[in-house]
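Dear colleague,

I am passing on to you the structure we spoke about, with its sequence. My notes on what was found in it follow below.

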Amino acid sequence: MWTTRVDEARAAEYEAFAREISLPMFRQQPGFLGVAMMRRGEDCVVLTLWQDAGSVADLAGSDSYTRTVSAILAAGFLQGEQTLERYDVHLLADLPT
């Protein structure tokens, strides 16, 4: 789970980046199961789901992930610090489509 803040005046840019850059990058990663990108005002949360801890570890070493992180930081629409937390899933219910 990654949290950050975004300049609300540039929220549309952030959301376009999420759709056009981040989502395709995640989909390329082995072990990727899904993502929820959420925003409430300036507060943003990205929750990704992975097959296993090894897939998460591989993500950190992925060139496409590193480039995406560099690009989002360089874009200038994020504010403050970002946090990253990892949890193990013990229950995942079916999500409606």
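Ser22 counts as buried, at 9% relative accessibility, where buried means under 20% relative accessible area, exposed over 50% and partly exposed in between, with a 1.4 Å probe and protein chains only. Before going further, please note that this is a predicted model, in which local features need pLDDT of at least 70 and side-chain atom pairs count only at pLDDT 80 or more, while totals for chains, interfaces and linings use all residues. Residues are numbered from 1 along each chain as its sequence is written, and side-chain values use heavy atoms, with hydrogens and water left out.

Ser22 lies in helix H1; helices (H or I, at least four residues) and strands (E, at least two) are DSSP runs, numbered from the N terminus. Leaving aside neighbours within four places in sequence, Ser22 is in contact (heavy atoms within 4.5 Å) with Phe17, Met37 and Thr68. Between Ser22 and Ala75, which are 53 residues apart along the chain, the C-alpha separation is 13 Å.

Helix H3

Thr68, one of the contacts of Ser22, has its place in helix H3 and is buried, with a relative accessible area of 10%. Not counting residues up to four places away in sequence, Thr68 touches Phe17, Ile21, Ser22 and Met25. A polar atom of the Thr68 side chain lies 2.8 Å from the backbone oxygen of Ser64. Ala71 also lies in helix H3, but Ala71 counts as partly exposed at 33% relative accessibility.

Aromatic pairs

The structure holds 5 aromatic pairs, for which rings of Phe, Tyr and Trp (its six-membered ring) pair if their centres lie within 6.5 Å, and planes under 30 degrees apart count as stacked, over 60 as edge-to-face and the rest as tilted. The rings of Tyr14 and Phe77 have centres 6.0 Å apart and planes at 75°, so this pair is edge-to-face. That pair links distant parts of the chain, with Tyr14 in helix H1 (residues 11–28) and Phe77, 63 residues away, in the loop between helix H3 (63–75) and strand E4 (78–84). Tyr14 and Phe77 are both buried, and ring pairs link Tyr14, Phe17 and Phe77 into a cluster.

Phe32 and Trp50 form an edge-to-face aromatic pair as well, at 5.3 Å centre to centre and with 70° between the planes. Here too distant parts of the chain are linked, since Phe32 belongs to strand E2 (residues 32–40) and Trp50 to strand E3 (residues 43–50), 18 residues apart.

About 820 Å³ of space lies in the largest pocket. On a 1 Å grid over the protein atoms alone, a pocket is an open set of points with protein on both sides within 12 Å along at least five of seven lines, a cavity is a set of points where a 1.4 Å probe fits but cannot get out, and lining residues have an atom within 4 Å of a point. Grid points are joined across faces, edges and corners, and a volume is the space filled by probe spheres set on the points. Of the 34 residues that line the largest pocket, Met1, Thr48, Trp50, Leu59 and Leu84 are the closest to its centre. Two or more lining residues come from each of H1, E2, E3, helix H2 (53–60), H3 and E4, and H1 gives the largest share, 6 residues. The lining divides into 25 nonpolar, 5 polar and 4 charged residues, where Ala, Val, Leu, Ile, Met, Phe, Trp, Tyr, Cys and Pro count as nonpolar, Asp, Glu, Lys and Arg as charged, and the others, Gly among them, as polar.

Thr48 has its place in strand E3, and its side chain makes a polar contact with the side chain of Trp50 at 2.8 Å. A polar contact is a pair of N or O atoms within 3.5 Å; within protein, one must be able to donate a hydrogen and the other to accept it, and residues adjacent in sequence count only if both atoms are side-chain atoms. Thr48 also touches Phe26, Gly34 and Val35, not counting residues up to four places away in sequence.

Glu8 is found in the loop between strand E1 (2–6) and H1. Glu8 touches Gly41 and Glu42, again not counting residues up to four places away in sequence, and the C-alpha atoms of Glu8 and Gly41, 33 residues apart along the chain, are separated by 6.7 Å.

With best regards
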